[in-house]
Amino acid sequence: MAGEPQDDCLFCKIVDGSIPATIVRETETTVAFRDINPQAPTHVLVIPKAHHRDAAALAAAAPELAADVLRETQAVADEEKLESYRIVFNTGSGAGQTVWHAHAHVLGGRGLEWPPG
Ligand code: AMP
Ligand code: ZN
């Protein structure tokens with residue numbers, strides 16, 4: 001069910017601590033941790049603690065929580081002293097989503113081309 005921890009979800013396991021991660025920030029509702037396969041000098045994932053399958057489902061079911069995630073992306077960028085950065089929500093397998101627990105990628109610390117690949 002939306003919002004409930006899923007036994008087979010990698011990011012729910014990072015939330016409950018059963019899989020380790022390099023956590024950079026935590027709030028009552030969110031966790032931010034370094035991506036295991038960084039694509040930029042700063043590559044942090046911000047997730048809601050509650051399980052929602054993607055950004056669209058999160059925004060529909062829990063808009064305040066979606067706002068918490070967005071607020072945290074900015075807090076990460078501030079902590080990492082990023083002047084420019086990119087927030088990415090890959091949504092759907094065709095867009096590269098591989099983990100089905102909503103997450104924002106915060107990418108920065110290098111030039112970022114547009115359009116993205
Ligand atoms: P996406 O492809 O948008 O679903 O993003 C999933 C991201 O999770 C990828 O960038 C992976 O490198 C990252 N990832 C996968 N496993 C872990 C892990 N155990 N700890 C941190 N990041 C991970
Ligand atoms: Zn999950």
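How far is an oxygen atom of ligand 1 from an N or O atom in the side chain of D35? The separation is 2.5 Å. The legends below describe a predicted model.

**View 1. Ligand 1 and its polar contacts.** The side chain of D35 places an N or O atom 2.5 Å from a ligand 1 oxygen. At G96 the backbone takes part: one of its polar atoms is 2.7 Å from an oxygen atom of ligand 1. H103 contributes a polar side-chain atom, 2.9 Å from a ligand oxygen. On its own, ligand 1 has 510 Å² of accessible area, and the protein covers 84% of that.

**View 2. The E79 to R25 salt bridge.** The structure as a whole contains six salt bridges. In this one, the closest N and O atoms of E79 and R25 are 2.7 Å apart. E79 sits in helix α3 (residues 63-79) and R25 in strand β1 (residues 23-26), so the bridge ties together parts 54 residues apart in sequence. Both ends are partly exposed: E79 has a relative accessible area of 43%, and R25 has 22%.

**View 3. The R71 to D68 salt bridge.** Here the N to O distance is 2.9 Å. R71 and D68 are both in helix α3, three residues apart, so about one helical turn separates them. R71 is partly exposed at 49% relative accessible area. D68, at 19%, counts as buried, because the limit for buried is under 20%. Elsewhere, R25, E72 and E79 form one network through salt bridges that share partners.

**View 4. The D54 to R53 salt bridge.** The closest N and O atoms of D54 and R53 are 3.5 Å apart. Is D54 buried or exposed? D54 is buried, with a relative accessible area of 10%. R53 is partly exposed, at 47%. Side chains of opposite charge can pair when their charged atoms come close.

Terms used:
Residues are numbered from 1 along each chain as its sequence is written. Chains are lettered from A and ligands numbered from 1 in the order in which they are written. This is a predicted model: local features need pLDDT of at least 70, side-chain atom pairs count only at pLDDT 80 or more; totals for chains, interfaces and linings use all residues. Side-chain values use heavy atoms; hydrogens and water are left out. A polar contact is a pair of N or O atoms within 3.5 Å; within protein, one must be able to donate a hydrogen and the other to accept it, and residues adjacent in sequence count only if both atoms are side-chain atoms. Accessible areas come from the Shrake-Rupley method with a 1.4 Å probe; for residues, only the protein chains shown count as cover. A salt bridge is a side-chain nitrogen of Lys or Arg within 4 Å of a carboxyl oxygen of Asp or Glu. Helices (H or I, at least four residues) and strands (E, at least two) are DSSP runs, numbered from the N terminus. Buried means under 20% relative accessible area, exposed over 50%, partly exposed in between (1.4 Å probe, protein chains only).
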